[in-house]
Amino acid sequence: GGRGVIQQTVDLLANNFIASTSVVTQNLVLSPNVLEAGWRYKIRLDVEDANGIAAAFVNVEENRPPSGGSVLAFPKTGTAMQTEYRLVADAWTDPDPPLAYRFTVKVKGESGQATQLQDFSPLAEYKGTLPGGLDDQDGAVIVSVEVKDSLGAISQAKQIEVLSKWPVIKSEA
């Protein structure tokens, strides 16, 4: 079922609704957050000059970030700085392509920022080694993907745990 149409008149001269200095300029700039997320707005512009009166309509909708996807890792278990992992951004959708993908990794149980593996790129996968996890976390690292559409909206990060264990070094004794 489609959403019903609700018609509501908005006064552009209402307090803080427009960021423009005047309603008679060529550019109309709305103040941040004056339109509610999730709604499509149809704006009617009435223009009057010496030649007469005309009206134009413009549809405005908030740009939403890419959604619906996940991150996959192959293999799920490997050796730190040796195994080549393949991380894949899977099933992301957005009406504003092309999409760009950023991959990061964070050692589970450590504080601080995640390390970037690949900055926003049209490649929906990353191939490479991963750092080793902590022994008390069984070598777990958390890999994440964020996805950006062509208008700059960035998704929430989706993440998956992968085991990346440091190799056991036999003592030289």
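This section describes the fold, the nonpolar core, the strand pairing and selected side-chain contacts of a predicted model.

The protein chain contains 10 strands and zero helices. Read along the sequence, its pattern is accordingly β-β-β-β-β-β-β-β-β-β. Of its 173 residues, 27% count as buried. The accessible surface amounts to about 12,200 Å², and carbon and sulfur atoms contribute 50% of this area.

The largest nonpolar core comprises 19 residues. Within this core, the residues with the most contacts are Trp92, Tyr101, Phe103, Leu130, Val143, Val145 and Val162. Two or more core residues come from each of strand E3 (70-74), strand E5 (85-90), strand E6 (100-107), E9 and E10. Strand E9 spans residues 140-148 and strand E10 spans residues 158-165. For Val162, the contacts beyond four places in sequence are Ala73, Pro75, Lys76, Tyr85, Leu130, Gly139, Ala140, Val141 and Val143. Of these partners, Leu130 and Val143 are also among the core residues with the most contacts.

Strand E6 is mostly covered, with six of its eight residues buried. E6 runs antiparallel to E9, and eight bridges join the two strands. In this pairing, Lys106 stands opposite Ile142 of E9. E6 also pairs with strand E7 (residues 115-121), again in the antiparallel sense, over four bridges. Here the bridge partner of Val105 is Thr115 in E7.

Ser155 is located in the loop that connects strands E9 and E10. Its relative accessible area is 5%, and because buried means under 20%, Ser155 is classed as buried. Leaving aside residues up to four places away in sequence, Ser155 touches Pro65, Pro66, Trp92, Glu146 and Val147. One of these partners, Trp92, belongs to the largest nonpolar core.

Aromatic side chains were examined for contacts with one another and with charged groups. The count of aromatic pairs is zero under the rule applied. Two lysines, in contrast, are placed over phenylalanine rings. Lys42 lies over the face of Phe57, at 4.9 Å from the ring centre. The charged end of Lys148 sits over the ring of Phe120, with a distance of 4.5 Å from its centre.

Terms used: Residues are numbered from 1 along each chain as its sequence is written. This is a predicted model: local features need pLDDT of at least 70, side-chain atom pairs count only at pLDDT 80 or more; totals for chains, interfaces and linings use all residues. Side-chain values use heavy atoms; hydrogens and water are left out. Rings of Phe, Tyr and Trp (its six-membered ring) pair if their centres lie within 6.5 Å; planes under 30 degrees apart count as stacked, over 60 as edge-to-face and the rest as tilted. A charge sits over a ring if NZ of Lys or CZ of Arg is within 6 Å of the ring centre and within 35 degrees of the ring normal. Buried means under 20% relative accessible area, exposed over 50%, partly exposed in between (1.4 Å probe, protein chains only). Accessible areas come from the Shrake-Rupley method with a 1.4 Å probe; for residues, only the protein chains shown count as cover. Contact means heavy atoms within 4.5 Å. A nonpolar core is a set of buried Ala, Val, Leu, Ile, Met, Phe, Trp, Tyr and Cys residues joined through side-chain atoms within 4.5 Å. Two strands pair if DSSP finds at least two bridges between them.
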